[in-house]
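The sequence and the model are shown first.

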Amino acid sequence: RYGFPTPLRDANGERVYAHNQVARLRLIKRLLDAGHRPGKIVAHDVAELEQLARKNAPVAGEEAAGHAEFMATLKSHDAERMQHCLTQSLMRQGLERFVTETVTALNMRVGEAWSRGELAIHEEHLYAQQIENTLRHAIFLASHRGGPPRVLLTSMPGEQHRIGLLMAEALFTAAGAFCIALGAQTPVSDIALAAVAHRADIVALSFSAAFQLGPAQQSLRDLRAALPASVSIWAGGAGLQRVAAVPGVEMVRDFAQMQRALSAWHASREPAAAH
């Protein structure tokens with residue numbers, strides 16, 4: 001559609017791509033994940049794309065140094081040291097700030113390093129596992145005080161990424177909500193059944209940038225039709241940055257909006273003040 005990339009053909013007629021095209025594709029993917037439109041960025045060269053990517057995540061001072069140290073630990077494959085760094089950040093910041101500041105920033109750092117070809121897939125998987133371990137443990141420790149709303153968290157079939165879902169669960173838990181986590185890739189019909197069985201007030205869904213736009217919209221429409229009107233649907237993640245609104249679905253564009261929506265949910269259910 002945009003005239004890029006242009007494949008070559010090997011001796012067997014299979015498509016092959018030059019290294020410089022792969023480097024551009026990695027950068028384009030990161031910018032698409034951040035909400036840029038394809039038509040605005042595909043024509044840029046690598047230097048221009050790198051400049052745009054740097055503008056997306058300005059971090060300075062002590063925080064930047066800590067992130068750089070963590071990335072060096074990741075490259076050294078020291079899982080124990082990585083876990084220690086994450087645990088220390090969690091204890092210092094608390095669960096909410098750990099998610100919105102540290103995990104968000106590290107996700108971007110890892111994504112940018114991958115887009116530049118500086119991380120192998122096994123290193124990205126190692127990072128994801130350490131983040132998941134830390135978040136699951138923190139959620140377990142904080143979950144005893146859960147109250148309303150009752151939030152059912154999952155993702156649609158085909159959505160394998162779990163970090164965004166865990167980040168949302170951690171923030172709901174930190175805000176005092178009672179969370180029911182189904183994990184990833186739950187069929188729409190089962191999400192509807194689970195929402196009723198668990199008396200959920202909100203169904204929260206995570207869509208990574210890898211999830212296709214058309215199926216995302218249709219899945220949300222199908223779920224809205226299958227759920228009682230009393231159950232809210234909140235959908236968030238990088239995969240929805242370019243998805244149009246779906247009637248009856250709260251499109252949560254970032255964690256700050258999620259926290260505002262949660263405050264509004266509580267306010268809407270407070271008993272009316274006596275006249």
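## Nonpolar cores

The structure is a predicted model. Its largest nonpolar core comprises 43 residues. Within this core, the residues with the most contacts are Leu74, Tyr127, Leu135, Leu153, Phe172 and Trp234. Leu135, when residues up to four places away in sequence are not counted, touches Phe98, Val99, Leu166, Met167 and Ala170.

Another core, of 25 residues, lies apart from the largest one. Among its members are Ala194, Leu220, Ile233 and Met251.

## Helix α9

Helix α9 spans residues 188-197, and its buried residues include Val188, Ile191, Ala192, Ala194 and Ala195. These five lie on the same side of α9 because they cover an arc of only 165° around the axis.

Arg199 follows the helix and has a positive phi, near 55°.

## Ser208

Ser208 is located in the loop between strand β5 (202-206) and helix α10 (213-226). Its relative accessibility is 15%, and Ser208 therefore counts as buried, the cut-off being under 20%.

The side chains of Ser208 and His161 are joined by a polar contact of 3.3 Å. Leaving aside residues up to four places away in sequence, Ser208 touches Glu159, His161, Ala238 and Gly239.

How values were computed
Residues are numbered from 1 along each chain as its sequence is written. This is a predicted model: local features need pLDDT of at least 70, side-chain atom pairs count only at pLDDT 80 or more; totals for chains, interfaces and linings use all residues. Side-chain values use heavy atoms; hydrogens and water are left out. A nonpolar core is a set of buried Ala, Val, Leu, Ile, Met, Phe, Trp, Tyr and Cys residues joined through side-chain atoms within 4.5 Å. Buried means under 20% relative accessible area, exposed over 50%, partly exposed in between (1.4 Å probe, protein chains only). Contact means heavy atoms within 4.5 Å. Helices (H or I, at least four residues) and strands (E, at least two) are DSSP runs, numbered from the N terminus. The arc is that of the directions from the helix axis to the C-beta atoms. A polar contact is a pair of N or O atoms within 3.5 Å; within protein, one must be able to donate a hydrogen and the other to accept it, and residues adjacent in sequence count only if both atoms are side-chain atoms.
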